[in-house]
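Please open the model in a viewer and keep the selection tool at hand. The stops below are given in the order in which they may be selected.

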Amino acid sequence: MQFSAIIGQKEVSDQLVKMVHQNRLGHALLFLGREGCGALNLAQAFAQYIVCEKVNGKPGASQAPSLFAEDPQPSTGHNNNEPLNDSCGICPACIKSSKLIHPDIHFCYPVVTKKPGEQPLSTDYITEWRNFIVEKPYGNAYDWLQFIGAENKQGNITAKECNEIVHKMSLKSFEAGYKILILWMPEYLGAEGNKLLKLIEEPPPNTVFIFVAENDALILPTILSRLQLIKLPPLQDGAIARALESQFEDLSPDKALQLASISDGNFREALLHVQNSGEDDWEGLLRDGLNAIVKSGPVAQVKWVEEAAKLGREKQKQFLKYFLRLLEEAVRIEVLGPQGFNADETLTSTFEMAVKLNKICSLDQKEAIMNELDHASYYIERNANAKILFHALTIKLSHIIRNKSLILVN
Ligand SMILES: [Zn+2]
């Protein structure tokens, strides 16, 4: 995988390349980012960058100066040539890396035991792992454990695995000059992780450890304190929308934006929304609902409630989330002006909708509506009767919105 194939995260990948070439990167890194931000993908692309023959010279040829600092520190730069910003994607090392069969790139991840009493190793599941990365590149630990049929079993990175890592990483590299370990989900590493401390602290030459985590609070403190932190932000709505559009031909640009806007920067969630959304058009549904409340009156409101009640629970939750997200944007635009819009310029339909909301309700009213939407989501989650719930919601919203006309009259 090349950096260019990753959704978003351009700033972080540029930063990584820059740090490598300024000799500011240590041997033990922590890629930390919330679910669905693509931290594992970035780790793979970075590993490929390190082994790429275009970046790092051909195997067997005299090695270029080390890409990694023995003691991370700013340097005057040792490369005469302009550094490459990405792996080439076509050399033998890149091909092997993209197929997850490069002999110098090792993966470690939580697994479950196959036979009672036996400590499992990551390599026991290597075939499944390769399939998982292809099928669910943005999957989380739960997805992975389901993928390998763990059911209710707790995933684990075992003491035996830690010993195996120590052994593997102390061997000479096969091809690349570098040995890389990508350890996914160090959150699953218990006290046995302390077996890795010495290795991380005094790494054999030309070894790179990339820990990929979602929650640093769950990482063994002794390990955490020895890692150089690389933080990944949640994905931008625009990046998610473009990726959805390119993956799903039938998805209209507007729909892709709607789905992106309710995904909290999480591509895994965005994919789930695509699965659940079908042909629904929340922008249209919201416009109808607001028109019924503001202009058309009770008959239209009842009709709209029927529509909303027909959606399944998941879709109702998505719709409310979409509405909430839109209100947040509207508040931002009202407070900060158009530049407060929290996405790139491609999200015009969302922007227009937010501006319209600002025309019909004040800041206080938006806050009141948000509270009502929060309540509604809470009760939908708990199986409330959808018809009654949406009926109550439209009545409350019409009270909140009508309040403004009273204020205006006064
Ligand atoms: Zn290459």
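Helices (H or I, at least four residues) and strands (E, at least two) are DSSP runs, numbered from the N terminus. Residues are numbered from 1 along each chain as its sequence is written. The model is predicted: local features need pLDDT of at least 70, side-chain atom pairs count only at pLDDT 80 or more, and totals for chains, interfaces and linings use all residues.

The C-alpha atoms of tryptophan 144 and tyrosine 109 are 9.3 Å apart, although 35 residues separate the two along the chain.

Next, select helix 10 (residues 237–247) and helix 12 (residues 267–277), whose axes come within 11 Å and cross at roughly 45°. Ile240, Ala243 and Leu244 of helix 10 meet Phe267, Ala270 and Val274 of helix 12.

Finally, colour the chain by pLDDT, the predictor's confidence in each residue, from 0 to 100. The mean for the protein chain is 87, and 89% of its residues reach 70 or more. Over residues 72–80 the pLDDT is below 50, yet this stretch has 13 contacts in the model beyond near neighbours in sequence. Residues 405–410 are also below 50, with zero such contacts.

Definitions and conventions. Axes fitted to C-alpha atoms, helices over the stretch in contact; angles between N-to-C directions. Contact = placed C-beta atoms within 7 Å.
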